[in-house]
Amino acid sequence: MNEQENNRLERGRALMRRLSPHLGDAMTNDLNSVAPDFGDLLAGFAFADVWARPALPLRERALVRIAALTALGAPATATGANIDSALQAGLSLEDVSEAMLQTLPYAGFPHVIAALEHVKQYAEAPAGPTASEGPDSGGG
């Protein structure tokens with residue numbers, strides 16, 4: 001791996017840790033045994049190449065991502081990780097809920113209800129989930 005690629009991955013990892021301190025490293029470490037390159041792909045592509053683009057502030061990027069994941073009916077792990085990232089980017093749970101509600105005419109009630117269930121779990125947990133306690137764990 002050359003120096004430019006190393007710098008790209010480090011930038012991506014730094015942004016991932018900033019936006020997902022509770023779940024980012026835990027998720028990539030957990031998947032490393034079955035997909036050793038997953039962490040580099042996530043840090044390099046999603047965080048260094050996409051999330052670090054200068055056109056939108058991180059807060060707005062988080063709103064877009066929450067809305068897209070809601071509309072797609074994303075799996076619980078992705079929704080929880082992205083709520084965590086949205087909160088780290090400066091959004092409130094009310095902002096996250098509103099972004100989800102804005103998808104209602106396009107995504108439908110089932111997708112929005114499922115996404116809002118994750119917001120409810122965050123609202124009920126005093127400090128949000130930790131790395132070992134994702135939004136689906138039932139822990140608190």
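Predicted model: local features only at pLDDT ≥ 70, side-chain atom pairs only at ≥ 80, totals over all residues.

Tutor: Contact means heavy atoms within 4.5 Å. Keep that in mind throughout.

Residues are numbered from 1 along each chain as its sequence is written, and side-chain values use heavy atoms, leaving out hydrogens and water.

Confidence comes before packing. The protein chain has an average pLDDT of 86. In that chain, 90% of the residues reach at least 70. Among the elements, helix 6 (residues 93-101) has the highest mean pLDDT, at 97. Helix 2 (residues 24-31) has the lowest, at 78. Helices are DSSP runs (H or I, at least four residues; strands are E, at least two), numbered from the N terminus.

Stay with helix 6. Ser-97 sits there. Ser-97 counts as buried because its relative accessibility is 19%; buried means under 20% relative accessible area, exposed over 50%, partly exposed in between (1.4 Å probe, protein chains only). Ser-97 touches Leu-116 and Val-119, leaving out residues up to four places away in sequence. Val-119 also touches Val-96.

A nonpolar core is a set of buried Ala, Val, Leu, Ile, Met, Phe, Trp, Tyr and Cys residues joined through side-chain atoms within 4.5 Å. The largest one has 22 residues. Which members touch the most others? They are Leu-19, Phe-47, Trp-51, Ile-66, Ile-83, Val-96 and Met-100. Helix 1 (3-19), helix 3, helix 4 (58-72), helix 5 (76-88), helix 6 and helix 8 (109-124) each give two or more residues to this core. Helix 3 gives the most, with four residues.

Look along helix 3 next. Phe-47 and Trp-51 both lie in this helix. They are four residues apart, about one turn. Phe-47 has a relative accessible area of 5%, so it is buried. Trp-51 is buried too, because its relative accessibility is 6%. Helix 3 also meets helix 2: Phe-38, Gly-39 and Leu-42 in helix 3 face Met-27, Thr-28 and Leu-31 in helix 2.

Now move to helix 5, which holds Asp-84. Is Asp-84 buried or exposed? Asp-84 is buried, because its relative accessible area is 2%. Set aside neighbours within four places in sequence, and Asp-84 is in contact with Leu-19, Ser-20, Pro-21, His-22, Leu-23 and Tyr-122. His-22 is 62 residues from Asp-84 along the chain, yet their C-alpha atoms are separated by 7.4 Å.

Ala-81 is found in helix 5 as well. Its relative accessibility is 14%, so Ala-81 counts as buried. Ala-81 touches Ser-20 and Leu-23, again not counting residues up to four places away in sequence. Ala-81 and Leu-23 are 58 residues apart along the chain, with C-alpha atoms separated by 6.2 Å. Ser-20 and Leu-23 are also among the contacts of Asp-84.

Conventions:
pLDDT = per-residue confidence, 0-100.
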